[in-house]
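The entries follow the order in which I checked things.

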Amino acid sequence: MALPKIVVLGAGYGGLMTTVSLQKELNHQEAEVTLVNLNPYHYVTTKLHEPAAGTLDPDYAQVDIAGLLKPEKVRFVQDEVTRVDPENKEVHLAGREPLKYDYLVFGLGSAPETFGIKGLLENAFLIRNLNGVRQIREHIEYSFSQYHNSEEKRDELLTIVVGGAGFTGIEFVGELVDRIPELCRQFDIPREKVRLVNVEAAPTVLPGFDEELVKYGMKYLEDHGVEFRISTPIEECNPDGVILKGGEKIDSATVVWTGGVRGNPLLEEAGIETARGRVKVDEYLRAPGYDDLFVVGDSSLIINEEAGRPFPPTAQMATQQGKHLSGNLVAQLRGGSMKPFKFESKGTLASLGRGSAIGVAFGKKITGSTASMMKRINDWRWFYLIGGLSLMFKKAKF
Ligand code: FAD
Ligand code: NAD
C-alpha cells in the first residue's frame, strides 16, 4: 500500500520545524515526507539584518538542510514552487514534475508589502534572503569606497535611508550604528559626514510596542547618530533617493525598505481566500474549506482575541505552529484526533546592535546588555531545536 504523502513547502521557521519534528515523531515507513525549498540551505531570517549591515558573517545565518535531515525519513527537493493546485492535490515546481500530496504544509514565508509606493521595488533594497543582504552589505561598502576615491565627495553616497521603523527597521539601524564607525575608519571618512535616516509613517517608531521601551530604544539610537523622521511616510523612491509626504527629498545612494510584509502570493493565486496575502487558518492551522492544506508561518493569520487584531507574523509563532502541526499530522496518520493550536507568547525582544536590546521577556521589561543576551539565547535555542547541541555550539556567537 502506498504511504501517505506529506509535502512541506519552505525550509523556514515554520516548514523546517514541522519537518524536523515529523522526522523525530514518525516511525520508519509511516509516511513519505518531502521538504521543498528554493536553496540547499535554511537561512535564519531573524538574523538577516546582521549580515545586511556587515556585522555578521553570512555563514552564521545559514544552515545546510541536508545535514539536518535523515534521508530514510525525509526526502529533500531543492526547487522553486511555482504553483499550488489544491483541487488536484499537487504542487508545481520550476524544475521537475509536479509533486502529489495527501497533506500539504505551506510555509513559504512572506512577500514585501510595498503599499504600491512608486519606484520602491525597483530602487530600494529589501532584507529578505541571504543573497539580498549580501548585496546590501556590498553596496554600502562600495558607496563608502566611491566616496573615498572620488574628487567630488557626493554626500548621498554616505546617506543611508531605512524606510519603516518597525522591528526589522530598528534592528537593522542598530546594526548600522555598530558598523558605520568601522567603515569610517576603513575608508578614512569622518563619522559626522555619514547620515543614517530612519523614516516612519506612524506617529512613533515600533508602533504598538511598550512606550517606555520605545523611548529607551530611540534615545540609544539617536545618541549613536540616527535621525528619525516620524509621521512621515515615504511616498516615492527613485534612483536618487526618496520623496517624503509633503515633498521633501532625501538624496541617498542606499535606500533599504523595511515597511512590512504580506502573505506569499502563491496562496491567493491558488484561489484561497486571503487578507493581505495571509490565510486566516482554523484552530488546526488549515486553510478554510480544506482538510489537507495547512499554512504555517508568515502566510498564516490568527486573530489575537484579547487584542482584537491579528498576531504579528513572527518566528516565535511559526516555530510553535510547526511543532504543533507535526503532532497533529502524526495523530491523523495514526487515526487519532487533532488538538487545537494556541499561541503562547514568550515575549518580544528587539536588538539595538551588538551590545543592547529592548524587550519584554517572561512578563518583564528588560533593556541593554541583559536584553541583548536574552536575544542571543533565542538564536541559540533555534539552532538547538533544528540541529541539537552540535549545531548550537557551531553557530553560537558570544
Ligand atoms: P521564512 O523563515 O521566511 O522561510 C520561508 C522559506 O521558504 C525560505 O527558506 C525561502 O527560501 C522558502 N521559499 C520562499 N518562496 C519559495 C518558493 N517559491 N519555492 C521554494 N522555496 C521558497 N521573529 C521573531 O519571532 N523574533 C525575531 O527576533 C525576529 N527577527 C527578525 C529579524 C528580521 C531581520 C526579519 C526580516 C524578521 C524577523 N522576525 C523575527 C520575523 C521572522 O523571521 C518571520 O516571522 C519568520 O521567518 C517566518 O517564518 P516562515 O517559516 O513563515 O518563513
Ligand atoms: P512591520 O509591519 O512590523 O513594520 C513596518 C513599519 O513600516 C511600520 O512601523 C509602518 O508604520 C512603517 N511604514 C509603512 N509604510 C511606510 C511608509 N510609506 N513610509 C515609512 N514607514 C512606513 O514590519 P517589519 O518590521 O518588516 O516586521 C515584519 C514582521 O516580522 C512583524 O510581525 C515583526 O513583528 C516581525 N519581526 C520581529 C522581530 C523581533 O521580534 N525582534 C524583528 C523583525 C521583525
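I take helices (H or I, at least four residues) and strands (E, at least two) as DSSP runs, numbered from the N terminus.

Basis. This is a predicted model, in which local features need pLDDT of at least 70 and side-chain atom pairs count only at pLDDT 80 or more, while totals for chains, interfaces and linings use all residues. Residues are numbered from 1 along each chain as its sequence is written, chains are lettered from A and ligands numbered from 1 in the order in which they are written, and side-chain values use heavy atoms, with hydrogens and water left out.

I counted 28 residues around ligand 1, with Gly14, Asn37, Val81, Asp298 and Lys375 the closest; a residue is near if one of its heavy atoms lies within 4 Å. I then listed polar contacts (a pair of N or O atoms within 3.5 Å). A polar backbone atom of Tyr13 is 3.1 Å from an oxygen atom of ligand 1, and for a polar backbone atom of Ala315 the distance to an oxygen atom of the ligand is 3.0 Å. The side chain of Lys375 places an N or O atom 2.9 Å from an oxygen atom of ligand 1. On its own ligand 1 has 1000 Å² of accessible area, and the protein covers 86% of that (Shrake-Rupley method, 1.4 Å probe). Two or more residues of this shell come from each of α1 (13-25), α5 and α8 (315-333).

I sorted the shell around ligand 1 by class: nine nonpolar, 14 polar and five charged. Here Ala, Val, Leu, Ile, Met, Phe, Trp, Tyr, Cys and Pro count as nonpolar, Asp, Glu, Lys and Arg as charged, and the others, Gly among them, as polar.

Which residues come nearest to ligand 2? I found Thr168, Glu200, Ile234, Pro313 and Leu349, of 23 around it. A side-chain N or O atom of Glu171 is 3.1 Å from a nitrogen atom of ligand 2. The protein buries 78% of the 840 Å² that ligand 2 exposes when taken alone.

I checked the elements next. At least two residues of the shell around ligand 2 come from each of α5 (167-187) and β25 (347-351), and α5 has the largest share, with three. By class I get twelve nonpolar, eight polar and three charged residues.

I computed 28% helix and 27% strand for residues 5-322, with the end C-alpha atoms 17 Å apart.

Methods. Polar contact = N/O pair within 3.5 Å; in protein donor to acceptor, adjacent residues only side chain to side chain.
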